[in-house]
Amino acid sequence: RDVVSWTAMIATYARNGHGKEALELFRQMQLGGIGADKVTFIGVLDACSSLAALAMGKESHAAIIHSGFQTDAVVANALVNMYGKCGAVDDARSVFDKMP
């Protein structure tokens, strides 16, 4: 298994109303030493959005910054969406104001 197969399964769970399972799979991926890419983070943020899991969303945001993906427009849109659905409007606006 590689990042592509992990990401496909995370996205499948996230987009079909199984956010908790998507986040658990992401944790397993990390424990297995597989690094996330931009698409992985988008799936994780979708899962956070569906669960209103703000703490995990913020953890993911920190990892996105660490990985250098915060300047990607699609990732930034997923962050705005996640913060908005979690009720963190100020955080959503902060990401929006920094978007490329």
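Arg15 counts as exposed in this predicted model, because its relative accessibility is 56% and the cut-off for exposure is over 50%. The side chain of Arg15 forms a salt bridge with Asp46, and the closest N and O atoms of the two are 3.5 Å apart. This pair links distant parts of the chain, since Arg15 belongs to helix H1 (residues 3–15) and Asp46 to helix H3, 31 residues apart. Asp46 is partly exposed, with a relative accessible area of 21%.

The structure holds four salt bridges. Another of them joins the side chains of Lys38 and Asp72, at 3.3 Å from N to O. Lys38 counts as partly exposed, at 36% relative accessibility. A further salt bridge is formed by Arg93 and Asp97, whose closest N and O atoms are 2.7 Å apart. Arg93 and Asp97 are separated by about one helical turn, because they stand four residues apart in helix H6.

Aromatic rings also bring parts of the chain together. The structure holds two aromatic pairs. In one of them, the rings of Phe26 and Phe41 have centres 6.2 Å apart and planes at 65 degrees, so the pair is edge-to-face; the angle required for that description is over 60 degrees. Phe26 is in helix H2 and Phe41 in helix H3, 15 residues apart, and their pair links distant parts of the chain. Phe26 is buried, with a relative accessible area of 3%, and Phe41 is likewise buried, with a relative accessible area of 3%. Ring pairs link Phe26, Phe41 and Phe69 into a cluster.

Helix H4 may be considered next. The 14 residues of H4 (residues 54–67) should span 20 Å at 1.5 Å a residue, and the C-alpha atoms at the ends of the helix are 20 Å apart, which agrees. The buried residues of H4 are Met56, Gly57, Ser60, His61 and Ile64. Seen down the axis of H4, these residues fall within an arc of 145 degrees, so they line one face of the helix. In general, an α-helix has 3.6 residues a turn, so residues three or four places apart point the same way. The buried residues of H4 are covered by elements including helix H2 (19–31), helix H3 (38–51), helix H5 (73–85) and helix H6 (89–98). The face of H4 turned away from its buried side carries the exposed residues Ala55 and His66. After H4 comes Gly68, whose phi is positive, near 85 degrees.

Terms used. Residues numbered from 1 in each chain as written. Predicted model: local features only at pLDDT ≥ 70, side-chain atom pairs only at ≥ 80, totals over all residues. Heavy atoms only, no water. Helix = DSSP H or I, 4+ residues; strand = E, 2+ residues; numbered from the N terminus. Expected span 1.5 Å × (residues − 1). Buried < 20%, exposed > 50% of the residue type's maximum accessible area, 1.4 Å probe, protein only. Arc of directions from axis to C-beta. Contact = heavy atoms within 4.5 Å. Phe/Tyr/Trp six-rings, centres within 6.5 Å; stacked < 30°, edge-to-face > 60°.
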